[in-house]
Amino acid sequence: MKIKGAIFDLDGTILDSCHVWKKVDADFLGKRGMNVPPDYAEAIIKMTFREAAEYTIERFELNENPEDVMAEWNQMALYQYSYEVPLRKGTKEVLAWFTEKKIPVGVATSNTSMLFEPCLKRNGVYEMFHSFTEVGEVSRGKEFPDIYIKEAEKLGCEPENCLVFEDIIPALKSAESGGFVTIGVVEPTWKYTEEELISCCDYKIDEIYDALVLLNSLK
């Protein structure tokens, strides 16, 4: 195939940040006298930020509004994104490969710019991205291909010539349904079996640095 663009998810794919949200969930619900249910993280990971807040309010019967919940989450995570969250191993090298080949890369994320911008800048990769799309810019969450289609338009490429790197199965399935070439990145948090991940993407890699061999075979 002729690669004309690539879209990266952030959390769990190129940022080693899933532990941050585990702590946010635990602290947020703990302050309200509740524990985190086993299915909670996977339930909200594919939602928009607002959808996740609305879901949380409804599920736990909180007398709060989505704006306050979202603001609290952002504030709880801001320090770690600004000063601590690292890139996953090999991210810079993979982004440098695209830069060298003059292939534009973008981001499709459920995160917000107030968190990911300082993180990407501190890690020295912000300028390597052509554009960014947040789930809030489209009407549906990552279980639908809207966010990838919008980001591909920003990159100026068609889905069949665009790679999507993701770590969660619902997102890989939706990107595939949009016609994109999908690469599943193993994130141990989700505890998918190898068979589960392979079944819903075109290619599977254990770490981002493993993409270099794959990219050289696809170019």
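The buried residues of helix 10 (residues 211–218) are Ala 211, Leu 214, Leu 215 and Leu 218, where buried means under 20% relative accessible area, exposed over 50% and partly exposed in between, with a 1.4 Å probe and protein chains only. Viewed along the axis of helix 10, these buried residues fall within an arc of 100°, so they line one face of the helix; the arc is that of the directions from the helix axis to the C-beta atoms. An α-helix has 3.6 residues a turn, so residues three or four places apart point the same way. Val 213 and Ser 217 are exposed and sit on the face of helix 10 turned away from its buried side. The cover over the buried residues of helix 10 includes helix 5 (91–100), strand 4 (162–166), strand 5 (181–185) and strand 6 (203–205).

The model is predicted: local features need pLDDT of at least 70, side-chain atom pairs count only at pLDDT 80 or more, and totals for chains, interfaces and linings use all residues. Residues are numbered from 1 along each chain as its sequence is written, and side-chain values use heavy atoms, with hydrogens and water left out. Helices (H or I, at least four residues) and strands (E, at least two) are DSSP runs numbered from the N terminus.

Two packed helices are described by the angle between their axes and the distance between the axes. Axes are lines fitted to C-alpha atoms, for helices over the stretch in contact, and angles run from 0 to 180 degrees between N-to-C directions. Angles under 35 degrees count as roughly parallel, over 145 as roughly antiparallel, 65 to 115 as roughly perpendicular and the rest as oblique.

Helix 3 (residues 49–59) packs against helix 4 (residues 66–83) at an angle of about 110°, and their axes are 9 Å apart. That makes helix 3 roughly perpendicular to helix 4. The crossing of helix 3 over helix 4 is right-handed; a crossing is right-handed if the near helix is turned clockwise from the far one by less than a right angle, and left-handed if anticlockwise. On the helix 3 side, Phe 49, Arg 50, Ala 52, Ala 53, Glu 54, Thr 56 and Ile 57 meet Pro 66, Glu 67, Val 69, Met 70, Trp 73 and Asn 74 of helix 4, contact meaning heavy atoms within 4.5 Å. The residues of this contact divide into eight nonpolar, two polar and three charged. Ala, Val, Leu, Ile, Met, Phe, Trp, Tyr, Cys and Pro count as nonpolar, Asp, Glu, Lys and Arg as charged, and the others, Gly among them, as polar.

Helix 1 (residues 18–30) also packs with helix 4, at an angle of about 135° and with the axes 10 Å apart. Helix 1 and helix 4 are therefore oblique to each other, and helix 1 passes helix 4 in a right-handed crossing. Helix 1 contributes His 19, Val 20, Trp 21, Lys 23, Val 24, Asp 27 and Phe 28, while helix 4 contributes Val 69, Glu 72, Trp 73, Met 76, Ala 77, Gln 80 and Tyr 81. By class, the contact of helix 1 with helix 4 has nine nonpolar, two polar and three charged residues.

The axes of helix 4 and helix 6 (residues 113–122) come within 8 Å and cross at roughly 10°. That makes helix 4 roughly parallel to helix 6. Among the residues in this contact are Leu 78 and Tyr 81 of helix 4 and Leu 115 and Pro 118 of helix 6. The contact of helix 4 with helix 6 divides into eight nonpolar, three polar and one charged residues.

**Individual residues**

| Residue | Relative accessible area | Class |
|---|---|---|
| Thr 13 | 0% | buried |
| Pro 37 | 18% | buried |
| Lys 121 | 47% | partly exposed |
| Lys 191 | 68% | exposed |
| Lys 102 | 74% | exposed |

Thr 13 is placed in the loop between strand 1 (5–8) and helix 1. Not counting residues up to four places away in sequence, Thr 13 touches Arg 88, Phe 165, Glu 166, Asp 167, Val 185 and Ile 208. Pro 37 lies in the loop between helix 1 and helix 2 (40–44) and, with the neighbours within four places in sequence left aside, is in contact with Leu 29, Arg 59 and Phe 60.

Most residues other than glycine have a negative phi. Lys 102, in the loop between helix 5 and strand 2 (105–109), has a positive phi near 60°. Lys 191, in the loop between strand 5 and helix 9 (194–198), has a positive phi of about 55°.
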